[in-house]
Amino acid sequence: MMTVRAVELIGSADVVAYHSARHGRSIARSIAERYLRPDQVEEKLVYPVTTETTDHPGGYRGAMDEFYEEAAARLAAHLDAGRDVAVLAEGDPFFYGSYMHMHKRLAHRYPTEVVPGVTSVSAAAARIGRPLVEGEEVLTVLPGTLPEEELAARLASSDAAAVLKLGRTFPAVRRALERSGRLSQAHYVERATMAGERTAPLAEVDPESVPYFSVAVLPSRIGAPEQGPRAAEAGAARVDTAAAAAAGASVRTVATTVCDGRPDRGRQGRVVVVGLGPAGPMWLTPEARGALADAEDLVGYTTYLDRVPVRPGQRRHASDNKVESERAEFALDLARAGRRVAVVSSGDPGVFAMATAVLEVASSDPYRDVPVEVLPGVTAANAAASRVGAPLGHDYAVVSLSDRLKPWEVIAERLRAAAAADLVLALYNPGSRSRVWQVGKARELLLEHRAPDTPVVLARDVGGPTERVRIVRLADLDPEQVDMRTILLVGSSQTRVVERGDGTEAVWTPRRHPGG
């Protein structure tokens, strides 16, 4: 696995240097041994500490820094004497390699050539016979020394991943894979391409048997064995879905092209309701990103579904915004047939969104046994508040102005109650092409309890390309400037608007109430 250039330089060097633990054995030297000459000087750079504790005044980092300085000085002495030095490194010198510490101390002083090598990640993928990444997938490389929660979050959001530096970190890495839902996909590779090589499903590996030189690999999701038989159907299913949607068909009509509703007794399906946040991928949580990547079927309102990247092998089932119950039932039917389904929802799925619709249908026969999980997202109120400061810094109420699912009388009663209680208000679904009078009515009701100069935040398309956020007086709120992509935040009697040094305005509601 060594390159021709590496062999040439090792064979011609006057000095060959390599790192080792106190036991003196060096994997790098054993790999290059056949190319060494008897007359070459060997510099063994022995770490003063590896995993054990140290009494060095500077602790572990201090001991290692001192070691690297001393090692660099030893190599510099050879270089000053006109001798060429070859420093051996396993894998690639610039990929978590110890050589980097020599490079930082010597490369600016002496002519240096770094010869790339085959990384453990590439070797491991070759040994398990699976592509690492394909198409638009992204590979994430992680050290196993990261905190377990950080590992779990990154693994959940990754298309493909490799975790290095196992050994004593293996139990935490295994738990992180399990928490992220990726354990069944993980492969274990030990000493890839070397004597004693071992590969296995990671879930079956005994933690006590894992050495430092081992890798956990989550290969490409595309064409994975569990998806293989279904992947061939995906292209046709997407075409049928798109054609039906273009013709104005409901999701139930589309369902006949992809699922007959009969359960697959040999496979457990599930539904995950995923919150996309208010806009693009910057607002997506790692957990939600992972669920979207893991799904075999994506179900949702066309506008929201278009925000999810297309992945080979996934079916996409788009529908109109007014068929929530039908969409939920369709997703549950897919899960009963053994599919992993993600129902996408803007913002947070539990706030005026798809989680309620899915759970309502899932509470009836024949869907009671279908697993349903809800993954939160950044809701519009929080996104809008962040753009102006902290208007939701104290108690607040959230009300939808849409009277499509509840009568206006109920909305008006709730607005009066919240206003009388002096709560900040987050008003969702304020208007649309078919609902043009609700904002004006809400303004009239609120002015019965609030001062005309009460600040109102109008936030449209937060996080999107047409984002616009303004602050107006309640008395000046113009219904013509409000649509379904706008959310309104109406301050309480305590909410303040302050001009900052840069000329912008900040809105905030004190945490302490005058009566407290």
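## Close-ups of a predicted model

**View 1. Asp294 and the residues around it.** Setting aside residues up to four places away in sequence, Asp294 touches Gln185, Arg221, Arg270 and Arg340. This is a predicted model, so keep that in mind for every view here. Asp294 lies in helix α10, which covers residues 286-294. With a relative accessible area of 8%, Asp294 is buried, because anything under 20% counts that way.

**View 2. A salt bridge between Arg221 and Asp294.** Zooming in on one of those contacts, the side chains of Arg221 and Asp294 meet in a salt bridge, at 3.5 Å from N to O. Arg221 sits in the loop between β8 (214-218) and α8 (228-246), while Asp294 belongs to helix α10, so this pair ties together parts that are 73 residues apart in sequence. Are the two partners buried or exposed? Both Arg221 and Asp294 are buried. The pair also belongs to a network of salt bridges that links Arg221, Arg270, Asp294, Glu296 and Arg340. Across the structure there are 31 salt bridges.

**View 3. Helix α10 and its cover.** Which residues of α10 are buried? They are Ala288, Gly290, Ala291, Leu292, Ala293 and Asp294. What covers these buried residues includes helix α6 (148-157) together with β9 (270-275), β10 (297-301), β12 (340-345) and β13 (372-375).

**View 4. The largest nonpolar core.** In soluble globular proteins, nonpolar side chains tend to be buried together. Here the largest nonpolar core has 23 residues, and the members that touch the most others are Leu401, Leu415, Leu425, Leu427 and Leu477. The elements giving two or more residues to this core are β15, α15 (408-420), β16 (424-428), α16 (438-447), β17 (455-460) and β19 (486-490). Which of them gives the most? That is α15, with six residues. Apart from this core lies another one, of 20 residues, including Leu166, Leu183, Val205 and Val210.

**View 5. Leu477 up close.** Take Leu477, one of the core members that touch the most others. Leaving aside neighbours within four places in sequence, Leu477 is in contact with Val439, Arg443, Val456, Leu458, Val472, Val482 and Leu488.

**View 6. A salt bridge between Asp422 and Arg450.** Asp422 forms a salt bridge with Arg450, and their closest N and O atoms are 3.8 Å apart. The pair links distant parts of the chain: Asp422 is in the loop between α15 and β16, and Arg450 is in the loop between α16 and β17, 28 residues apart. How accessible is Asp422? At 22% relative accessibility, Asp422 counts as partly exposed. Arg450, at 5%, counts as buried.

**View 7. A salt bridge between Asp365 and Arg368.** Here the closest N and O atoms of Asp365 and Arg368 are 3.0 Å apart, and the two form a salt bridge. Are these residues buried or exposed? Asp365 is exposed, with a relative accessible area of 58%, and Arg368 is exposed too, at 55%.

View 8. Strands of a sheet pair through backbone hydrogen bonds, either parallel or antiparallel. In this open sheet the three strands run in the order β14-β21-β20, with mixed pairing. The edge strands are β14 (389-390) and β20 (496-499), each of which pairs on one side only. How do β14 and β21 pair? Strand β21 (residues 505-508) and β14 pair in the parallel sense over two bridges. Across from Gly389 stands Val507 in β21.

**View 9. His19 and its contacts.** His19 has its place in strand β1, residues 15-20. At 10% relative accessibility, His19 counts as buried. Not counting residues up to four places away in sequence, His19 touches Ser26, Leu45, Tyr47, Phe67, Tyr68, Ser98, Tyr99 and Met102.

View 10. Val398 is in strand β15, residues 396-400. With a relative accessible area of 36%, Val398 is partly exposed. Patch members need over 30%, so Val398, at 36%, clears that cut-off.

Definitions and conventions:
Residues are numbered from 1 along each chain as its sequence is written. This is a predicted model: local features need pLDDT of at least 70, side-chain atom pairs count only at pLDDT 80 or more; totals for chains, interfaces and linings use all residues. Side-chain values use heavy atoms; hydrogens and water are left out. Helices (H or I, at least four residues) and strands (E, at least two) are DSSP runs, numbered from the N terminus. Buried means under 20% relative accessible area, exposed over 50%, partly exposed in between (1.4 Å probe, protein chains only). Two strands pair if DSSP finds at least two bridges between them. Contact means heavy atoms within 4.5 Å. A nonpolar core is a set of buried Ala, Val, Leu, Ile, Met, Phe, Trp, Tyr and Cys residues joined through side-chain atoms within 4.5 Å. A salt bridge is a side-chain nitrogen of Lys or Arg within 4 Å of a carboxyl oxygen of Asp or Glu.
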